[in-house]
Amino acid sequence: AKYEQLRKQLEELENWPTVYMFKFIVPADNQKVAQVEALFDTEQSQVSMRTSKNGNFVAVTAKELMVNAEAVINRYKDAEGIEGLMSL
């Protein structure tokens, strides 16, 4: 139920497959940043990171070719297990 609105929006707005941009913010902890990086295939994704001004958080942006709305939602579900992560 949590993802139904997102699923509906994705199915209405996107032509699949499409390059989808994920944005996450995680605490500036090497282990947590590595967990976010591990969500994405380095050969098929474009991942960039930026540390916050005070150094407490890292913003992670990843672009990857996704085949459908369900693949996007599954990626968000995989990210849920990372402590302190915020999805944008």
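**Figure 1. Salt bridge between Glu80 and Lys2 in the predicted model.** Glu80 pairs with Lys2 through N and O atoms that are 2.9 Å apart at their closest; a salt bridge here is a side-chain nitrogen of Lys or Arg within 4 Å of a carboxyl oxygen of Asp or Glu. The two residues are 78 residues apart, with Glu80 in the loop between H3 and strand E4 (86–87) and Lys2 in the segment before H1. Helices (H or I, at least four residues) and strands (E, at least two) are DSSP runs, numbered from the N terminus. Lys2 is exposed, at 65% relative accessible area, and Glu80 is partly exposed, at 42%. Buried means under 20%, exposed over 50%, and partly exposed in between (1.4 Å probe, protein chains only).

**Figure 2. Salt bridge between Arg75 and Glu64.** The side chains meet at 2.8 Å, N to O. This pair joins helix H3, which holds Arg75, to strand E3, which holds Glu64, eleven residues apart. Arg75 is buried at 13% relative accessibility, and Glu64 is buried at 7%.

**Figure 3. Salt bridge between Arg7 and Glu4.** The N to O distance is 2.5 Å. Because Arg7 and Glu4 lie three residues apart in helix H1, about one helical turn separates them. Arg7 is buried, with a relative accessible area of 15%, whereas Glu4 is partly exposed at 44%.

**Notes.** Residues are numbered from 1 along each chain as its sequence is written. For this predicted model, local features need pLDDT of at least 70, side-chain atom pairs count only at pLDDT 80 or more, and totals for chains, interfaces and linings use all residues, while side-chain values use heavy atoms, leaving out hydrogens and water.
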